[in-house]
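Subject: Handover of a structure for your review

Dear colleague,

Please find below the structure that I am passing on to you. My notes on it follow directly after.

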Amino acid sequence: MGDVIEFPTQDVKLEQLKTEIEKGVTDLEFKYNELDALHDMLHQREQEAAELEKDFDVIIKQYIDEVGIENTPALWLTYSRSCVVKAKAEGEYEMIWLGTEDE
């Protein structure tokens with residue numbers, strides 16, 4: 001006859017499941033902590049970007065006042081929260097200064 005294979009008892013099986021579950025809990029807690037830290041970092045970077053955008057709008061507005069919005073590179077205007085592009089005709093557009101909270 002062949003070898004007899006003994007199947008794990010209920011206690012052994014429950015102990016294995018418990019070990020796997022506890023590892024899962026530990027792994028998930030670690031991952032959740034990483035996500036919390038990343039969310040905090042993202043929030044901080046968004047605040048920093050908002051402050052940079054606000055400062056940029058002040059400077060770009062001074063430039064626009066000197067040379068006119070039509071003579072301001074369109075790329076620069078795309079970084080402004082206070083400027084929008086309005087399509088006029090095929091291939092033509094107009095940049096419009098909306099203003100800032102301080103104006």
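Lys-31 is partly exposed, because its relative accessibility is 44% (buried means under 20% relative accessible area, exposed over 50%, and partly exposed in between, with a 1.4 Å probe and protein chains only). Its side chain meets that of Glu-34 in a salt bridge, at 2.9 Å from N to O; the term denotes a side-chain nitrogen of Lys or Arg within 4 Å of a carboxyl oxygen of Asp or Glu. Glu-34 is itself partly exposed, at 31%.

Residues are numbered from 1 along each chain as its sequence is written, and side-chain values use heavy atoms, with hydrogens and water left out.

Other salt bridges

The whole structure contains 5 salt bridges. One of them joins Asp-27 to Lys-23, with the closest N and O atoms 2.6 Å apart. Both residues belong to helix α1 and are 4 residues apart, about one turn of the helix. Asp-27 is partly exposed at 39% relative accessibility, whereas Lys-23, at 52%, counts as exposed.

Arg-45 and Glu-48 form another salt bridge, the closest N and O atoms lying 3.7 Å apart. Arg-45 has a relative accessible area of 43% and is partly exposed. Glu-48 is likewise partly exposed, with 38%.

Overall form

The secondary structure consists of 2 helices and 2 strands, which follow the pattern α-α-β-β along the sequence. Helices (H or I, at least four residues) and strands (E, at least two) are DSSP runs numbered from the N terminus. Helix α1 covers residues 10–67.

How does the radius of gyration relate to that of a compact globule of 103 residues? Such a globule would have a value near 13 Å, but the protein has 30 Å; the radius is taken over C-alpha atoms, and the globule rule is 2.2 Å times the number of residues to the power 0.38. Along its principal axes, the C-alpha trace spans about 95 × 35 × 15 Å. Tyr-93 and Lys-13, which are 80 residues apart in sequence, lie 70 Å apart in space, C-alpha to C-alpha.

Of the 103 residues, 13% are buried. The protein exposes about 9100 Å², of which carbon and sulfur atoms supply 57%; accessible areas come from the Shrake-Rupley method with a 1.4 Å probe, and for residues only the protein chains shown count as cover.

A nonpolar patch

Leu-28, Tyr-32, Leu-35, Leu-38 and Met-41 make a nonpolar surface patch of about 480 Å². Patches are made of residues with over 30% relative accessible area and no salt bridge, like charges being joined within 9 Å and nonpolar side chains (Val, Leu, Ile, Met, Phe, Trp, Tyr) within 5 Å. Leu-38, a member of this patch, is located in helix α1.

Is Thr-72 buried or exposed? Thr-72 is buried, because its relative accessible area is 6%. This residue sits in the loop between α1 and α2 (74–78). Leaving aside neighbours within four places in sequence, Thr-72 is in contact (heavy atoms within 4.5 Å) with Ile-60, Tyr-63, Ile-64, Val-67 and Leu-77.

Tyr-63 lies in helix α1 and is partly exposed at 33%. Not counting residues up to four places away, Tyr-63 touches Gly-68, Asn-71, Thr-72, Pro-73 and Trp-76.

Tyr-93 belongs to strand β2 and is partly exposed, at 48% relative accessibility. Beyond four places in sequence, its contacts are Ala-74, Val-85, Lys-86, Ala-87 and Lys-88.

Confidence

The average pLDDT is 88, and 91% of the residues score at least 70; pLDDT is the predictor's confidence in each residue, from 0 to 100. Confidence is highest in α1, at 96, and lowest in strand β2 (residues 92–97), at a mean of 78. Where pLDDT is low, the predicted coordinates should not be read in detail.

With kind regards
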